[in-house]
Amino acid sequence: MGTWNSRGLRGSVLEEMINYSNEKYREKKLALIQKIPTPITPVRFDKNSRHITLAYFDQRSTVDYIGAVQGIPVCFDAKECAVDTFPMQNIHPHQIQFMKDYEEQGGVAFFLLYFSHRQECYYLRLREFLKYHERMEAGGWKHFKYAELSKDFFVPSGQGIHVHYLKTLQKDLLERKETSR
């Protein structure tokens, strides 16, 4: 059987948990969030199993998920990390620009970071990420640390939902409302 030898499958555990959560949200009519497939062009197939063994990406992807939560447009990217530092290079400039543009249009953009060794998921608000990014651009660390993250934005599980990110989205929306006053 052909397998992908790609870094792109590193987040598959997180994506499975998110996909399950999104299905539960849809069933409960809380949100409609879709996984955005990255367009690929197959190059080589395993003739016996008919699996793609080699492919290239047609274009750069922007985010992993996009949809609406109770009328609020949201987009986010899922990233997985096996240590307590997250390398900034894992988030690409075209993704950052897309997310900035998305928020300028009234949407909410964020990242879901899964610290696999801790089995903890973090809701990283775009504005929080941009602070780390600005620090890097000014010559600082090219990563941020688990210890720097706000305890209020770790994603809970519950009510049959593995990654209950709507709870942390709600905190984010309340914080945005407070700061806009």
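Me: Ala, Val, Leu, Ile, Met, Phe, Trp, Tyr, Cys and Pro count as nonpolar, Asp, Glu, Lys and Arg as charged, and the others as polar. How do the residues lining the second largest pocket divide on that basis?

Reply: This is a predicted model. The lining divides into 6 nonpolar, 4 polar and 1 charged. The residues are Leu30, Val69, Gln70, Ile72, Gln159, His164, Leu166, Lys167, Leu169, Gln170 and Leu173. Lys167 is on the list, and Lys counts as charged, so Lys167 is the charged one.

Me: How much space lies in the second largest pocket, and which element gives the most to its lining?

Reply: The space is about 180 Å³. Helix α4 gives the most, with 5 residues. This helix covers residues 165-179 and lies across β1, β4, β5, β7 and β8, at about 135° to β7.

Me: What makes those strands a sheet, and in which order do they run?

Reply: The order is β1-β4-β5-β7-β8, an open sheet of 5 strands with mixed pairing. Its edge strands are β1 (31-35) and β8 (120-125), each of which pairs on one side only. Neighbouring strands are turned by 25° against each other on average, direction ignored. Strands of a sheet pair through backbone hydrogen bonds, either parallel or antiparallel.

Me: Which other helix lies across β7, and at what angle does it run to β5?

Reply: Helix α2 (residues 93-104) lies across β4 (65-69), β5 (72-81) and β7, running at about 155° to β5. In the whole protein there are 4 helices and 9 strands. From the N terminus on, they run α-β-β-β-β-β-β-α-β-β-α-β-α.

Me: Why is Asn22 called buried?

Reply: Its relative accessible area is 6%. Buried means under 20%, so Asn22 falls in that class. The residue is in helix α1 (residues 12-27). Leaving out residues up to four places away in sequence, Asn22 touches Ile33, Tyr65 and Tyr165. Across the protein of 181 residues, 35% count as buried.

Me: Is Asp64, in the loop between β3 and β4, buried or exposed?

Reply: Asp64 is buried, because its relative accessibility is 11% and the cut-off for buried is under 20%. The loop holding Asp64 runs between β3 (52-57) and β4. Not counting residues up to four places away in sequence, Asp64 touches Glu15, Gln34, Lys35, Ile36, Phe76, Asp77 and Ala78.

Me: What class does Pro37 fall into, buried or exposed?

Reply: Pro37 has 64% relative accessibility and counts as exposed, because exposed means over 50%. Pro37 is in the loop between β1 and β2 (40-45).

Me: How many residues apart in sequence are Pro37 and Asp64, and what is their distance in space?

Reply: They are 27 residues apart in sequence and 7.4 Å apart in space, C-alpha to C-alpha.

Me: What share of the contacts with a separation of 6 or more comes from residues 24 or more positions apart?

Reply: The share is 61% in this protein. A contact here means heavy atoms within 4.5 Å.

Methods. Residues are numbered from 1 along each chain as its sequence is written. This is a predicted model: local features need pLDDT of at least 70, side-chain atom pairs count only at pLDDT 80 or more; totals for chains, interfaces and linings use all residues. Side-chain values use heavy atoms; hydrogens and water are left out. Helices (H or I, at least four residues) and strands (E, at least two) are DSSP runs, numbered from the N terminus. Buried means under 20% relative accessible area, exposed over 50%, partly exposed in between (1.4 Å probe, protein chains only). Two strands pair if DSSP finds at least two bridges between them. Axes are lines fitted to C-alpha atoms, for helices over the stretch in contact, and angles run from 0 to 180 degrees between N-to-C directions. On a 1 Å grid over the protein atoms alone, a cavity is a set of points where a 1.4 Å probe fits but cannot get out, and a pocket is an open set with protein on both sides within 12 Å along at least five of seven lines; lining residues have an atom within 4 Å of a point. Grid points are joined across faces, edges and corners, and a volume is the space filled by probe spheres set on the points.
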